[in-house]
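Me: I have a model open and would like to talk through its side-chain contacts. Could you take them with me a few at a time?

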Amino acid sequence: MKNLNNFIGFLKKNRDYVVLRNADVKNNILKGGDADILVIDFEKYINDFLSSGEIPLMYIERNGVCSFFWKWGRIDIHSYIEFRGANYISNDIIISQRIINSNHISEAPIHVQALVCWITNLILGGFFKMRYKPIIIQAAQESGEAFHKCLQFALGPIWGQRLFSLAC
């Protein structure tokens with residue numbers, strides 16, 4: 001667990017990233033989940049990240065994502081959010097709207113987190129994780145217009161409207 005704490009400390013000191021979902025990073029990793037992080041300068045962040053802690057047991061690099069694995073958990077570092085070459089949300093939107101939460105972690109706003117939770121699993125795996133239902137409903141209620149725009153950007157006007165109506 002010491003190394004997970006080092007990672008959390010790294011997140012608190014560094015502001016060149018945004019946690020995309022599951023912003024309570026420590027608890028999510030302790031439950032067996034991972035951390036999904038969008039970074040501003042991919043190469044710089046990876047170098048700083050790797051030089052700040054232990055060497056990972058393994059890493060996998062694919063289409064704008066590096067996944068790092070340790071005994072204590074997995075970290076996915078994204079340079080952009082895309083599916084088969086098409087960005088379904090702009091890095092500029094995510095980064096410009098990020099917030100610093102009460103744990104001093106940089107996180108995406110709720111409508112972006114909901115989009116990532118919902119759309120990523122649908123388009124990459126063809127499934128829906130029920131555990132994300134509350135954040136999707138919360139995003140529709142609290143950030144309706146912003147969430148609606150994100151869904152329309154990602155899926156087009158017709159499907160964006162359909163999913164937004166479903167979330168409402």
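This is a predicted model: local features need pLDDT of at least 70, side-chain atom pairs count only at pLDDT 80 or more; totals for chains, interfaces and linings use all residues.

Me: Is K44 buried, partly exposed or exposed, and what is its relative accessible area?
Reply: Residues are numbered from 1 along each chain as its sequence is written, and side-chain values use heavy atoms, with hydrogens and water left out. Buried means under 20% relative accessible area and exposed over 50%, with partly exposed in between (1.4 Å probe, protein chains only). K44 therefore counts as partly exposed, with a relative accessible area of 41%.

Me: Which residue forms a salt bridge with K44?
Reply: A salt bridge here is a side-chain nitrogen of Lys or Arg within 4 Å of a carboxyl oxygen of Asp or Glu. The closest N and O atoms of this pair are 2.7 Å apart. Both residues lie in helix 3, four residues apart, about one turn of the helix; helices (H or I, at least four residues) and strands (E, at least two) are DSSP runs, numbered from the N terminus. The partner of K44 is D48.

Me: Where do K149 and E145 lie?
Reply: These two form a salt bridge, with their closest N and O atoms 3.5 Å apart. K149 is exposed at 52% relative accessible area, and E145 is exposed at 60%. They sit four residues apart, about one turn of the helix, and that element is helix 7 (residues 144–155).

Me: Which residue of strand 2 is the bridge partner of R21?
Reply: Strand 1 (residues 17–21) is mostly covered, with five of its five residues buried. Four bridges join strand 1 to strand 2 (residues 34–39), and the two run antiparallel; strands pair if DSSP finds at least two bridges between them. In strand 2, the bridge partner of R21 is D36.

Me: How many residues apart in sequence are the parts that R21 and D36 tie together?
Reply: R21 and D36 also form a salt bridge, with the closest N and O atoms 3.0 Å apart. R21 lies in strand 1 and D36 in strand 2, so the pair ties together parts that are separated in sequence by 15 residues.

Me: Why is the pair of F49 and F68 called edge-to-face?
Reply: Rings of Phe, Tyr and Trp (its six-membered ring) pair if their centres lie within 6.5 Å; planes under 30 degrees apart count as stacked, over 60 as edge-to-face and the rest as tilted. Both F49 and F68 are buried. Their ring centres are 5.6 Å apart, and the pair is edge-to-face because the planes stand at 65 degrees.

Me: Which residues do ring pairs link into a cluster?
Reply: By the ring rule, the count comes to 13 aromatic pairs. F49 lies in helix 3 and F68 in strand 4 (residues 65–70), so their pair ties together parts that are 19 residues apart in sequence. The cluster consists of F7, F10, Y17, Y45, F49, Y59, F68, W70 and W72.

Me: Is L57 buried or exposed?
Reply: L57 is found in the loop between helix 3 (42–51) and strand 3 (58–62). Its relative accessibility is 61%, so L57 counts as exposed.
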